[in-house]
Amino acid sequence: MTTTTTHEGESLYAAARSQFLKAAEVMNLDPAVRQILEHPKNEICVNFPVRMDNGEIRVFRGYRIQHSNILGPYKGGIRYAPEVNLDEVKALAAWMTFKTALAGLPYGGAKGGITCKPSEMSLDEQMRLTRRFTHALGSNIGPDSDIPAPDIGTNSRHMVWMFDTFANSHGGSDRNRAKALVTGKSLACGGSEGREKATGQGVCYIIERWATNAGLKPSSLSVAVQGFGNVGYHAALIASEMGMKVVAVHDHTGCVANAAGLDVQALKKHQDATRTLNGFSGGETIAPESFWDQACDVLVPAAIENQLTSARARRIKAKVVVEGANGPTTREADVVLAERGITVIPDILANSGGVIVSFFEWLQNRNCEHWELETVDARLLDLITKAYDKTLDRAKRYKTDVRTGAYVVALERIAQAYAERGIFP
Ligand code: NAD
């Protein structure tokens with residue numbers, strides 16, 4: 001079995017488990033709840049054939065890991081990438097359980113994915129892959145049971161194919177309900193205002209809150225962002241709109257820096273036109289590894305897991321790390337950052353804007369409503385700020401780090417539900 005190991009040799013699921021176990025220890029969590037949450041409830045693995053454009057048939061492997069539904073339907077993204085494997089999806093599913101609980105949403109946690117290389121597949125091939133995967137998952141997903149969303153390698157187009165497939169295979173009165181099967185859809189097909197930028201927006205609300213608490217003006221901050229996809233691009237753009245200087249951006253194609261601040265929109269245009277960040281005239285192209293040495297106040301890792309290793313953690317100049325990606329910081333790096341007095345605002349809080357606005361999309365679909373962008377942003381700010389403040393409160397109360405504080409808030413909610421409901425039968 002393939003396993004995602006951190007640069008420091010640990011499996012991703014082991015890393016995720018260790019974060020939750022630390023909080024369980026700190027708060028003296030009921031051992032029964034601890035035992036239940038140590039394993040996903042369901043591990044669904046499907047192998048299914050897809051016809052490629054050249055007429056060949058290829059069999060793909062897809063996963064849907066349903067970690068917990070004690071607080072509500074399973075909720076979590078679908079990832080298309082060559083590295084997708086059971087261990088990685090299990091870790092991502094567990095993080096969703098804690099993220100939705102921390103945000104106070106009526107959801108559990110899940111994650112899915114297909115091991116594939118979307119960049120080498122045509123849109124038609126991706127459509128057949130997505131429809132066949134949705135069919136293979138069958139009634140394991142549904143608007144009241146398990147609600148997927150986009151993640152790396154997927155976007156609103158894939159979500160629309162998913163719900164259309166579901167609508168066509170679950171006929172009758174269920175057809176109209178099918179929109180609420182997935183979130184992150186296009187506006188024309190039932191998506192929400194503000195969903196596309198929601199994760200980046202949430203990252204920036206968190207940076208603002210952190211700055212205000214630290215007695216700093218958000219507009220005085222410099223930010224370095226790794227990843228220039230959905231999360232990284234919107235985080236960089238919104239940060240610059242808030243008056244922050246985006247001093248470095250790094251993605252899988254390269255890295256550019258400008259101490260005076262990059263023009264984020266111009267950089268996006270350059271990337272769209274050339275398929276690389278390198279060579280952007282509004283900044284200096286630097287070696288990707290130098291990204292970690294750039295002077296900045298805020299570091300936003302918003303690419304993939306395990307990027308902030310202990311070696312890089314020793315070099316970074318930031319005062320705070322705001323985790324836009326899931327699992328970007330290794331366990332060893334967390335220790336180094338704590339020793340250096342650098343605050344880490346953890347993924348389950350920092351990137352929760354996406355799932356919060358997904359919840360708003362789901363509510364709008366179910367109630368046949370349309371909310372204006374101002375309403376979406378205001379409600380997002382309210383929920384993410386409450387989660388942030390509770391997190392800091394628990395970190396202080398238990399004299400622990402911010403990551404553990406966030407897990408404590410999530411676990412309190414989950415433990416309360418188990419205490420009242422008990423274990424069936
Ligand atoms: P995306 O596919 O849109 O973008 C990923 C970015 O990471 C790209 O810019 C890519 O170039 C970069 N990248 C990939 N490998 C890299 C490497 N080795 N070095 C540097 N950069 C690299 O994906 P996304 O939706 O922006 O997701 C990014 C992260 O945020 C993931 O961890 C995802 O799980 C998490 N996340 C996403 C959402 C969401 O709403 N999309 C919500 C919460 C969390």
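Trainee: What makes H234 count as buried or exposed in this predicted model?

Mentor: The relative accessibility of H234 is 11%, and since buried means under 20% relative accessible area, H234 counts as buried. H234 lies in helix α8, residues 230-241, and, leaving aside its neighbours within four places in sequence, H234 is in contact with E196, K197, G200 and G229.

Trainee: Why is V249 called buried?

Mentor: Here the relative accessible area is 1%, which is to be set against the cut-off of under 20%, and therefore V249 is called buried. V249 belongs to strand β7, which spans residues 245-251. Once its neighbours within four places in sequence are left aside, V249 has contacts that include V225, F228, C255, L262 and F291.

Trainee: How far apart are V249 and E305 in sequence and in space?

Mentor: They are separated by 56 residues in sequence, while their C-alpha atoms are 17 Å apart in space.

Trainee: What makes β3 and β4 paired strands?

Mentor: A pair needs at least two bridges, and 4 bridges join β3 (residues 74-81) to β4 (residues 109-115), so these strands meet the definition of a pair. The two run parallel, and R79 has G113 as its bridge partner in β4.

Trainee: Why are β1 and β5 said to stand at the edges of the sheet?

Mentor: The open sheet has 5 strands in the order β1-β2-β4-β3-β5, with mixed pairing. β1 (42-51) and β5 (146-150) each have a single partner strand, so one side of each is left without a neighbour in the sheet. On average, and with direction ignored, neighbouring strands of this sheet are turned by 25° against each other.

Trainee: Which helix packs on this sheet, and what does it touch?

Mentor: Helix α3, residues 86-103, packs on the sheet and touches β1, β2 (57-68), β3 and β4, while its direction makes about 35° with that of β2.

Trainee: How do you know which residues belong to the lining of the second largest pocket?

Mentor: A lining residue must have an atom within 4 Å of a point of the pocket, and 30 residues line this one, of which K22, D334, D401, R403 and T404 lie nearest its centre. The volume of the second largest pocket is about 550 Å³. By class, its lining has 14 nonpolar, 11 polar and 5 charged residues.

Trainee: Which element gives the most to that lining?

Mentor: That is α1, with 5 residues; the elements that each supply at least two residues include α1 (12-27), α14 (373-397) and α15 (402-421).

Definitions and conventions: Residues numbered from 1 in each chain as written. Predicted model: local features only at pLDDT ≥ 70, side-chain atom pairs only at ≥ 80, totals over all residues. Heavy atoms only, no water. Axes fitted to C-alpha atoms, helices over the stretch in contact; angles between N-to-C directions. Contact = heavy atoms within 4.5 Å. 1 Å grid on protein atoms, 1.4 Å probe; cavity = no way out; pocket = protein on both sides within 12 Å on 5 of 7 lines; lining within 4 Å. Points joined across faces, edges and corners; volume = space filled by probe spheres on them. Nonpolar A, V, L, I, M, F, W, Y, C, P; charged D, E, K, R; others polar. Buried < 20%, exposed > 50% of the residue type's maximum accessible area, 1.4 Å probe, protein only.
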